[in-house]
Amino acid sequence: MSQFDKPASGACSRRDALRAGAISAVGLALSGCAFRKSDSTVAETGTTVLPKSAGPLRSAGALAFGPDNVLFVGDITGAAVHAFALRDQDVTSQTDVELGNFHNFEGRDLVCGLDQKLAALFGTTYDKIVVNDLVVHQSSQQIFISVERGRGTDAVPAIVKVNHGNLEVLELDSIPHSQVAISNEPDEKATLEFEPQRTFAITDVKYYNGEIFVTGISNQRFASTLYRIPYPFNTQMATCTVEIWHPVHGEFETRAPIIRQLIREVQGEPYLFAVYGCTPLVRFPLNSLKDGAHVRGDTIGELGYGSNPMDMLTFSDPFDHKEYLLVTIDARSASRIAIADLESAQPEPTGGPIDFGPGGLGRTQRGLPIRAEHTAILDPKWAVLIWRHPKTSYRLDISTIIVPYFFERKDGMSEMNWPDGPDPFDYRDHRNEIDRVGHLL
């Protein structure tokens, strides 16, 4: 499902969530008292309980972890990014959770019916649940998601964590907290062709080397804006505007924002790599992103028109020991690109006619069969994703999937699925060995 298109039924998309957040500032101002009960856990039984408080959040969007267990949360309605310094009691190790059978390409469902269980947790129906982002606390492998319940003035934000298959709301009131204001958000009444401009005020948040990088649009003439903000927060902030050449549109673009970003050192030099809507892949040297600068990024790949990036991450292939960029995309397969190619890629020429591509690194990308609304890396062998069950229009699951193939064998039908079918990868030997060891235990 596209993160920008509302499904016919079921949990609404991130685009709907951000629109709701932009509209609901007044209703969410009192979100600290919006929940009614102190118990914040929903077990597999689906017991309905409600958390106490959304703390300082007025909306819950993009998530990122920094050092020392700091969780950053983008808050469009509050025009801020929050930093919650999680304590030991706020994080529960999940390293003992069985993730699946790696050798057989078999992941595991960690939470089935996520949207329905969130609805039970928040005392509402699944169609009023919005899941905005997912992030993994790497040392504990605990999954955190940003969620909103309801729409408009009824919308209430929350951060929910997965604890051995159960959903627990992170009680934010008592967690050490700081925040930084994001200036020049679009006016509440300013609109795009299909939604409020404020929907895209904060599109992504990433931490790198003592700073957070916040992307989105502002109310300035060059709307596409990037903020570099030191953490711990102080009065300093570098704000620059960015533009790109978009081959599919045949023009320079200064208003469409970066949708997904990551910072990566290539041969010792840090770069910000970004993907926009309609999926041009762009490279910015980090040292060019200075306060007051207007920076033109190098478009190094056109990954495919008519689609939108959903997540952007890196992983190491355990078989060839090379590192790759992974961009998950709403309308087609995910893109895998070698990290080694990112710095050496030549910029696409500017000023030419419309070119539907793919171009640049888009010509050498490898497609991966990921259909997910949110994706993150758990460990060197496993990724985790939130995906919509293929046989329903409403059911969301949190499941694991193997790295580097990102392929779930049981979801398809092939000759190998027959009991006496071919076994070119020794699936059955691996399964039988796991069954034998499990029996002995």
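This is a predicted model: local features need pLDDT of at least 70, side-chain atom pairs count only at pLDDT 80 or more; totals for chains, interfaces and linings use all residues.

Colleague: Is R283 buried or exposed?

Modeller: Away from its sequence neighbours, R283 is in contact with a list of residues including Y271, D298, L342 and P347. Its relative accessibility is 7%, and the cut-off for buried is under 20%. So R283 counts as buried.

Colleague: And which residue is the bridge partner of R283?

Modeller: R283 sits in strand β20, residues 280–285. Strand β19 (residues 269–276) runs antiparallel to β20, and 5 bridges join them. The bridge partner of R283 is F273.

Colleague: Which strands stand at the edges of that sheet?

Modeller: The sheet is open and antiparallel, with 5 strands in the order β18-β19-β20-β22-β26. Each edge strand has a single partner, so one side of it is left without a neighbour in the sheet. The edge strands are β18 (258–266) and β26.

Colleague: Now the surface: how exposed is F356, as relative accessible area?

Modeller: F356 is in the loop between α4 (339–344) and β26 (359–360). Together with Y305 and I354, F356 makes a nonpolar surface patch of about 340 Å². F356 counts as partly exposed, with a relative accessible area of 46%.

Key: Residues are numbered from 1 along each chain as its sequence is written. Side-chain values use heavy atoms; hydrogens and water are left out. Helices (H or I, at least four residues) and strands (E, at least two) are DSSP runs, numbered from the N terminus. Buried means under 20% relative accessible area, exposed over 50%, partly exposed in between (1.4 Å probe, protein chains only). Contact means heavy atoms within 4.5 Å. Patches are made of residues with over 30% relative accessible area and no salt bridge: like charges are joined within 9 Å, nonpolar side chains (Val, Leu, Ile, Met, Phe, Trp, Tyr) within 5 Å. Accessible areas come from the Shrake-Rupley method with a 1.4 Å probe; for residues, only the protein chains shown count as cover. A salt bridge is a side-chain nitrogen of Lys or Arg within 4 Å of a carboxyl oxygen of Asp or Glu. Two strands pair if DSSP finds at least two bridges between them. Lists of a residue's contacts leave out its neighbours within four places in sequence.
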